[in-house]
Amino acid sequence: MPQFRRVERERLNTCHPSIIRVVTRALELFCPASGGRLFVVDGWRGERKQNACYADGTSGVQWPDSPHNKIASHTLPGDGAALIPYSLAVDLCESDQAGSVLVWDTEWDYLAIRMFQAARECDVELHPWPIVFVRHGRETKDLPHFQLADSNG
Ligand SMILES: [Zn+2]
């Protein structure tokens, strides 16, 4: 049974619980011919990371407009409130079993099929894949990116 490394688990844990369920199931379903496994690239992104992704062209939007940038206010006992960062999206790719070598020519269609199969099994609706964004007049398919169908929350 493949397992995420701790750093990947920490990234995944910044995501909405529905994404955590789907990705955990997809890890079991994703068995590429290479012998690799599913790898969690990104969950929640702070301002610096989001704007860096925008600058290098891997995101079409700046902070705080990505579903990777959500912040919820959580009421605490008494009068307090805490701000809790969470992501309505996750970025995935293929890696070796150890999670130390990322495969950037991942078989994206195969990965997406497994993600949508996992989503069906978990009764979670994902946004149609892939999202396409336009930067400087050039269209980019955001292949590693999966987000919930209702990503306005
Ligand atoms: Zn993304």
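## A tour of the model, stop by stop

Read along the sequence, the protein runs α-α-β-α-β-β-β-β-α-β-β-β, which amounts to 4 helices and 8 strands. Helices (H or I, at least four residues) and strands (E, at least two) are DSSP runs, numbered from the N terminus. The model is predicted: local features need pLDDT of at least 70 and side-chain atom pairs count only at pLDDT 80 or more, while totals for chains, interfaces and linings use all residues. Residues are numbered from 1 along each chain as its sequence is written.

**Whole chain.** Show the C-alpha trace. Along its principal axes it spans about 55 × 40 × 30 Å. Buried residues make up 32% of the 153 residues. A residue is buried if 20 or more other C-beta atoms lie within 10 Å of its own, exposed if 12 or fewer, and partly exposed in between, with C-beta atoms placed from the backbone.

**The core.** Select Val22, Val23, Ala26, Val90, Leu92 and Met115. In the largest nonpolar core, which has 22 residues, these touch the most other members. A nonpolar core is a set of buried Ala, Val, Leu, Ile, Met, Phe, Trp, Tyr and Cys residues joined through C-beta atoms within 7 Å. Helix 2 (17-29), strand 1 (37-42), strand 4 (89-95) and helix 4 (108-121) each supply at least two residues of this core. Helix 2 gives the most, with 5 residues. Leaving aside neighbours within four places in sequence, Val23 is in contact with Leu12, Val40 and Val90; contact needs C-beta atoms, placed from the backbone, within 7 Å.

**Two helices.** Show helix 2 and helix 4. Their axes come within 8 Å and cross at roughly 125 degrees. Helix 2 is therefore oblique to helix 4. Axes are lines fitted to C-alpha atoms, for helices over the stretch in contact, and angles run from 0 to 180 degrees between N-to-C directions. Angles under 35 degrees count as roughly parallel, over 145 as roughly antiparallel, 65 to 115 as roughly perpendicular and the rest as oblique. To see which residues make the contact, select Val22, Arg25, Ala26 and Leu29 on helix 2, then Arg114, Met115, Gln117, Ala118, Ala119 and Glu121 on helix 4.

**Phe146.** Go to strand 8 (residues 145-147), where Phe146 is found. Is Phe146 buried or exposed? Phe146 is buried, because 28 other C-beta atoms lie within 10 Å. Not counting residues up to four places away in sequence, Phe146 touches Ala89, Val90, Leu92, Met115, Leu126 and Trp129.

**Trp63.** Move to the loop between helix 3 (47-55) and strand 2 (70-75), which holds Trp63. Trp63 has 18 other C-beta atoms within 10 Å, so it is partly exposed. Beyond residues up to four places away in sequence, Trp63 touches Glu47, Gln50, Asn51 and Asn69. Draw a line from Trp63 to Ala52: they are 11 residues apart in sequence, and 9.6 Å apart from C-alpha to C-alpha.

**Gln3.** Finish in the segment before helix 1 (6-12), where Gln3 lies. Gln3 counts as exposed because it has 11 C-beta neighbours inside 10 Å. Its C-alpha atom is separated by 25 Å from that of Asp142, 139 residues away along the chain.

How values were computed:
Contact = placed C-beta atoms within 7 Å.
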